[in-house]
Amino acid sequence: MTRTGFIGFYSKTSLEDINAENNQVYAVMDLGKKNLAFSALLKGFIFRKELMQEHFNENYVESDKYPKASFTGTYTGDITATSNGSYKITVKGNLMLHNITKPLEVPATVEINNGKLSGTADFKLKPEDFNIIIPSLVRDKIEGLITVHVKIDCNVSK
């Protein structure tokens with residue numbers, strides 16, 4: 001379990017680069033039951049440009065109305081908590097964002113090193129899939145598919 005997980009999302013177009021990162025992600029992973037869950041407050045995403053952060057919270061994700069994003073699911077593949085190594089897994093579950101829940105299945109990597117667990121995953125999301133409307137005025141500044149990077153680091157408990 002950690003309260004300092006990381007989620008970042010990125011969009012790069014010829015007109016604008018968007019980079020938002022949140023280092024206050026709550027994550028829990030049960031290696032015995034192969035369950036995992038993540039939760040992030042949307043206001044925890046920090047942008048390089050303050051105006052982008054304001055638009056993200058007020059106009060796009062409406063973080064006052066829908067304050068968090070969450071994921072609950074399971075994974076396939078075996079992870080041996082007591083053996084150092086890198087494990088390829090597939091994470092499958094439901095992502096809830098902007099009060100819309102969608103299934104998500106992504107490859108991920110978990111590394112165990114001396115009692116420490118590090119997990120990473122990368123995937124892409126469409127804002128429209130979560131009823132996040134991008135106005136036509138700024139549509140060309142935002143990629144149609146947003147790249148998302150997730151990373152957690154925590155101790156393995158026995």
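This is a predicted model: local features need pLDDT of at least 70, side-chain atom pairs count only at pLDDT 80 or more; totals for chains, interfaces and linings use all residues.

Student: What makes the contact of Lys 34 and Asp 78 a salt bridge?
Tutor: The N to O distance between the two side chains is 2.9 Å, and the criterion is a Lys or Arg side-chain nitrogen within 4 Å of a carboxyl oxygen of Asp or Glu. The pair therefore qualifies as a salt bridge. Lys 34 lies in the loop between β2 and β3, and Asp 78 in the loop between β5 and β6, so the bridge ties together parts 44 residues apart in sequence.

Student: Why is Asp 78 called exposed?
Tutor: Its relative accessible area is 58%, and exposed requires over 50%; Asp 78 is therefore exposed.

Student: How do you know that Glu 16 and Lys 49 form a salt bridge?
Tutor: Their closest N and O atoms are 2.7 Å apart, and the limit is 4 Å. Glu 16 belongs to the loop between β1 and β2 and Lys 49 to the loop between β4 and α1, so this pair joins parts 33 residues apart in sequence.

Student: Which class of accessibility does Glu 16 fall into, and why?
Tutor: Glu 16 has 17% relative accessibility. Buried means under 20%, so Glu 16 counts as buried. Lys 49, with a relative accessible area of 44%, is partly exposed.

Student: How many salt bridges does the whole structure contain?
Tutor: The search finds five. Another one of them joins Lys 43 and Asp 64, at 2.5 Å from N to O.

Student: How do you know that the buried residues of α1 share one side?
Tutor: The buried residues of α1 are Met 52, Gln 53, Phe 56, Asn 57 and Tyr 60. They cover an arc of only 125° around the axis, which means that they sit on the same side of α1. In general, an α-helix has 3.6 residues a turn, so residues three or four places apart point the same way.

Student: What covers that buried side, and what does the opposite face carry?
Tutor: The cover includes β1, β2 and β4. The face turned away carries the exposed residues Glu 50, Leu 51 and Glu 58.

Student: What makes Asn 19 buried?
Tutor: Asn 19, in strand β2, has 15% relative accessibility. That value is under 20%, so Asn 19 counts as buried.

Terms used. Residues are numbered from 1 along each chain as its sequence is written. Side-chain values use heavy atoms; hydrogens and water are left out. Helices (H or I, at least four residues) and strands (E, at least two) are DSSP runs, numbered from the N terminus. Buried means under 20% relative accessible area, exposed over 50%, partly exposed in between (1.4 Å probe, protein chains only). The arc is that of the directions from the helix axis to the C-beta atoms. Contact means heavy atoms within 4.5 Å.
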